[in-house]
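Please look at the sequence and the model below before reading on.

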Amino acid sequence: MLRYLVALSLLAVSWAQDCQVANIPVMQNFNKSRYAGQWYAVGKKDPDGLFLLDNIVANFNVDEDGITTATARGRVYIFKYWEVCADMRATFEDTSDPAKFKMKYWGVSALLQTGYDDHWVIDTDYDNYAVHYSCRKVHEVNGTCADSYSFIFSRHESGLRLEDQQIVSAKKHDICLAGKYRRVTHTPGQCENLTPIDSIPVPGPEDEAHQNI
Ligand SMILES: *[C@@H]1O[C@H](CO)[C@@H](O)[C@H](O)[C@H]1NC(C)=O
Ligand SMILES: *[C@@H]1O[C@H](CO)[C@@H](O)[C@H](O)[C@H]1NC(C)=O
């Protein structure tokens with residue numbers, strides 16, 4: 001009997017966590033109007049390549065027609081050397097699942113990357129925390145993610161409340177990214193003290209043309 005129970009609970013663990021992108025649980029009955037407004041990234045799991053470093057703040061807006069757009073800012077290195085705060089813009093396309101969006105993004109400066117990524121909301125209480133997930137590439141052999149990134153968002157610049165930390169940890173585990181996150185710091189005034197992106201000299205064609213953020 002005990003062995004049977006152990007087998008059953010192992011099965012439950014592997015179900016909860018088969019790590020196939022198609023089976024990742026997202027927020028139920030997601031309400032994008034309540035998700036709108038400002039979020040501070042307090043944790044992140046990077047994709048392959050360069051990515052935003054810190055001071056990452058996103059603002060989501062839902063207009064009267066239900067169209068979601070966002071602006072985001074974060075510190076990043078461009079041309080390997082220049083430290084800037086990148087201003088990004090995005091438009092969101094709804095899908096059949098209200099918590100899963102396709103996101104088209106681009107930089108306010110042409111030096112920044114453009115792209116088209118998933119934007120999934122794994123969990124949120126709308127007022128304190130949100131867990132975001134995006135998979136850029138799926139392994140064909142087993143359906144797991146080959147290149148993902150994720151943000152842990154907080155409504156509070158100071159970070160997650162103690163009572164939300166446990167929920168967020170469980171969600172990191174559900175999306176198979178437990179232990180893969182780094183803390184995102186916020187330093188007031190840091191962006192303002194950096195070289196404005198428009199005054200950066202554009203390197204020649206031998207340099208990496210666009211940065212992956
Ligand atoms: C979504 O949230 C908004 C703002 O709180 C509310 O007015 C609206 O009724 C909610 N929509 C649904 C479908 O619950
Ligand atoms: C899925 O396949 C990839 C590529 O072969 C491999 O690296 C990864 O470990 C596999 N994941 C699982 C959970 O089997």
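Ala-130 stands opposite Phe-153 in β8, where strands (E, at least two residues) and helices (H or I, at least four residues) are DSSP runs numbered from the N terminus. This is a predicted model, in which local features need pLDDT of at least 70 and side-chain atom pairs count only at pLDDT 80 or more, whereas totals for chains, interfaces and linings use all residues. Residues are numbered from 1 along each chain as its sequence is written, while chains are lettered from A and ligands numbered from 1 in the order in which they are written.

β7 and β8 pair in the antiparallel sense over seven bridges, pairing being assigned if DSSP finds at least two bridges between two strands. The two strands form a hairpin with six residues between them, and Gly-143 in the turn has a positive phi of about 75°. β8 is mostly covered, since eight of its 10 residues are buried; a residue is called buried if 20 or more other C-beta atoms lie within 10 Å of its own, exposed if 12 or fewer, and partly exposed in between, with C-beta atoms placed from the backbone.

## Strand β1 and its partners

Strand β1, residues 37-45, pairs with strand β2, residues 54-62, in the antiparallel sense over four bridges, and Tyr-40 has Val-57 as its bridge partner in β2. β1 also pairs with β8, again in the antiparallel sense, over five bridges. In that pairing Ala-41 has Phe-153 as its bridge partner, and Lys-44 stands opposite Phe-151.

## Helix α3

Which residues of helix α3 are buried? In this helix, residues 162-174, they are Asp-164, Val-168, Lys-171 and Lys-172. They cover an arc of only 100° around the axis, taken over the directions from the helix axis to the C-beta atoms, which puts them on the same side of α3. In general, an α-helix has 3.6 residues a turn, so residues three or four places apart point the same way. On the other side of α3, Leu-162, Glu-163 and Gln-166 are exposed.

The buried residues of α3 pack against β6 (115-124), β7 (129-138) and β8 (145-154), where a contact requires C-beta atoms, placed from the backbone, to lie within 7 Å. α3 is followed by Cys-176, whose phi is positive, near 65°, although Cys-176 is not a glycine. Cys-176 is found in the loop between α3 and β9, and with 17 C-beta neighbours inside 10 Å it counts as partly exposed.

## Surroundings of ligand 2

Cys-19, His-139, Val-141, Asn-142 and Thr-144 surround ligand 2, a residue being near the molecule if its C-beta atom, placed from the backbone, lies within 6 Å of it. This shell divides into two nonpolar, three polar and no charged residues; Ala, Val, Leu, Ile, Met, Phe, Trp, Tyr, Cys and Pro count as nonpolar, Asp, Glu, Lys and Arg as charged, and the others, Gly among them, as polar.

Cys-19 lies in the loop between α1 (2-16) and α2 (32-35). Although it is not a glycine, Cys-19 has a positive phi of about 65°. Cys-19 counts as partly exposed because 16 C-beta neighbours are inside 10 Å.

## The loop between β5 and β6

Gln-113 is found in the loop between β5 (100-107) and β6, and the unreviewed UniProt entry annotates Gln-113 as "binding site". UniProt positions are given in the numbering used here, feature names are shortened, and annotations may be inferred rather than shown by experiment. Gln-113 counts as partly exposed, with 18 C-beta neighbours inside 10 Å.

Ala-110 has its place in the loop between β5 and β6, and Ala-110 is exposed, with 11 other C-beta atoms within 10 Å. Ala-110 and Ile-197 are 87 residues apart in sequence and 9.7 Å apart in space, C-alpha to C-alpha.

## The chain as a whole

Of its 213 residues, 26% count as buried.

Note on methods: Two residues are in contact if their C-beta atoms, placed from the backbone, lie within 7 Å.
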